[in-house]
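This report goes through selected features of one protein model. Please look at the sequence and the structure first.

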Amino acid sequence: MLVVKSARRPGRKKAHPRIALAVAGGGPIGGIYEIGAVRALDEAIEGLDMNALDVYVGISSGAFVAASLANRLSTAELCRIFITGDSDQFRFQPENFVRPALYEYLRRLAGVPRMLLAGLAEIARHPLSLRISDSILHMGSILPTGLFDNEAIEKFLRSAFTAHGRSNDFRALDRKLVIVAVELDSGQAVRFGTEGHDAVPISRAIEASAALPGLYPPVRIDGKYFVDGALRHTVHASVALDAGADLVLAINPLVPIDTTSANALGKSSPASLIEGGLPTVLSQMFRTLLQSRMQASMPKYERKYPASDLILLEPESDDTDMFFTNVFSFAHRKRLAEHAYQATMNDLRRHRRALAHLLGRHGLVLRDDVLDDPTRTVLSGLEGKPPRRSQATSRLHRALDDLDVALERTRPGRKREKPGKRPGSGAGSTPSAHS
């Protein structure tokens, strides 16, 4: 589903419009969906370089996608790492996302004797006023704050962002990256990567932004605890708009399911979500909350940012694949990435006429040859694997890409080619893929 907020008072066409990407959370399957979506955008829109946008905003799993693109991991390389698994830079290990939080369990169990003593003391003081609800509340303090350990995830991210010339430091990036998390004890959103919050390693900020309560423990940073950034807003597109973005591309992978529509289209869906029990009911509630906040934000964007455009990509309300796939499932990642890729391509095709004028204001053009190619898949162009590179050659290619960009910007009236897509270079051998 594609939603467009077109500028009410568009300004004059700029030589170098500011383009931003805002990516919401959604757990592992949300991240896979987002990789498929950004791959489609990268291929279908001429003039759009997903590694050279002006602002990147990410929350939870979307924070990793945004940080990877800002760190010049191409959409092709993201597919190699997470979809095909044949990247020569580092090996993705799904088990890192579902390791039990043993330290958290032990830490909480260590508090059991103290809790029992406090409970006995309370009974001794007030033997006739004991309430079961109070006892349950006290027992809650020994429950772990998260089922899974997120330290292994941070370690993986740290390794990814410190190899091949990339950086784990917000201040060292040549593009603005903002990762949003929520401070647990105040409930306020914190924008890591902005002034005063940019000394935190990118990997640690992503770990904090993805710490969904109940699944992952809160993350401690500078003496404060942080949890999932989606608890405040869905995609935080306002962060990019506040930074002066003329066009924001937003992706929200989690939407509530409409079983009536799904069943009417012949898709496999239960008559009622109640059949799925508590997990399914909670999933529907959480997704409804995320989407309703996104929908409520759109009119606000129109009023506050009348000169900016926003394009929002979401799954359709009858998308059973996205709803009924386990949020922690990696077994079907190739199918889900392809599903997201084709859904995005279909959205762009359906809205081709409306998007043509809007994108044109920002020097972008839809590629009809890509949109109308029925054989194209999310893995198209990945057959020819780029040659293996060392740290030194990766830095050299990054420098050459920077030089290309600088030279193109000095030539008025010329559309800038994406780094690595020079004449004679194949789709599977782009320099930026392993830079």
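Which residue forms a salt bridge with Glu 46? Arg 367 does, with the closest N and O atoms 3.8 Å apart.

## Basis of the model

The model is predicted: local features need pLDDT of at least 70, side-chain atom pairs count only at pLDDT 80 or more, and totals for chains, interfaces and linings use all residues. Residues are numbered from 1 along each chain as its sequence is written, and side-chain values use heavy atoms, with hydrogens and water left out.

## Salt bridges

Side chains of opposite charge can pair when their charged atoms come close. A salt bridge here is a side-chain nitrogen of Lys or Arg within 4 Å of a carboxyl oxygen of Asp or Glu. The count by this rule is 18 salt bridges. In the pair Arg 367 and Glu 46, the closest N and O atoms are 3.8 Å apart. This pair links distant parts of the chain, 321 residues apart: Arg 367 is in the loop between strand E11 (365-366) and H15, and Glu 46 is in strand E3 (residues 45-46). Helices (H or I, at least four residues) and strands (E, at least two) are DSSP runs, numbered from the N terminus. Arg 367 counts as partly exposed at 25% relative accessibility, and Glu 46 is also partly exposed, at 37%. Buried means under 20% relative accessible area, exposed over 50%, and partly exposed in between (1.4 Å probe, protein chains only).

Arg 376 and Glu 43 form another salt bridge, with 3.3 Å between the closest N and O atoms. Arg 376 lies in the loop between helix H15 (368-371) and helix H16 (391-409) and Glu 43 in helix H1 (residues 27-44), so the pair ties together parts 333 residues apart in sequence. Glu 43 is buried at 7% relative accessibility, while Arg 376 is partly exposed at 22%. Both belong to a network of salt bridges that links Arg 39, Glu 43 and Arg 376.

## Annotated active site

The unreviewed UniProt entry carries the annotation "active site" for Ser 60 and Asp 228; positions are given in the numbering used here, feature names are shortened, and annotations may be inferred rather than shown by experiment. The two are spread over 169 residues of sequence but cluster in space, the largest C-alpha distance being 6.2 Å. Their side chains are joined by a polar contact of 3.3 Å. A polar contact is a pair of N or O atoms within 3.5 Å; within protein, one must be able to donate a hydrogen and the other to accept it, and residues adjacent in sequence count only if both atoms are side-chain atoms.

Ser 60 lies in the loop between strand E4 (55-58) and H2 and is buried at 7% relative accessibility. Asp 228 is in strand E8 (residues 224-228) and is buried at 4%. Leaving aside neighbours within four places in sequence, Ser 60 is in contact (heavy atoms within 4.5 Å) with residues including Gly 25, Gly 26 and Ile 206.

## Helix H2

Helix H2 (residues 61-70) is mostly covered, with 10 of its 10 residues buried. Among them are Phe 64, Val 65 and Leu 69. After H2 comes Arg 72, which has a positive phi near 70°.

## An exposed residue

Met 285 is in helix H11 (residues 277-304). With 54% relative accessibility, Met 285 counts as exposed.
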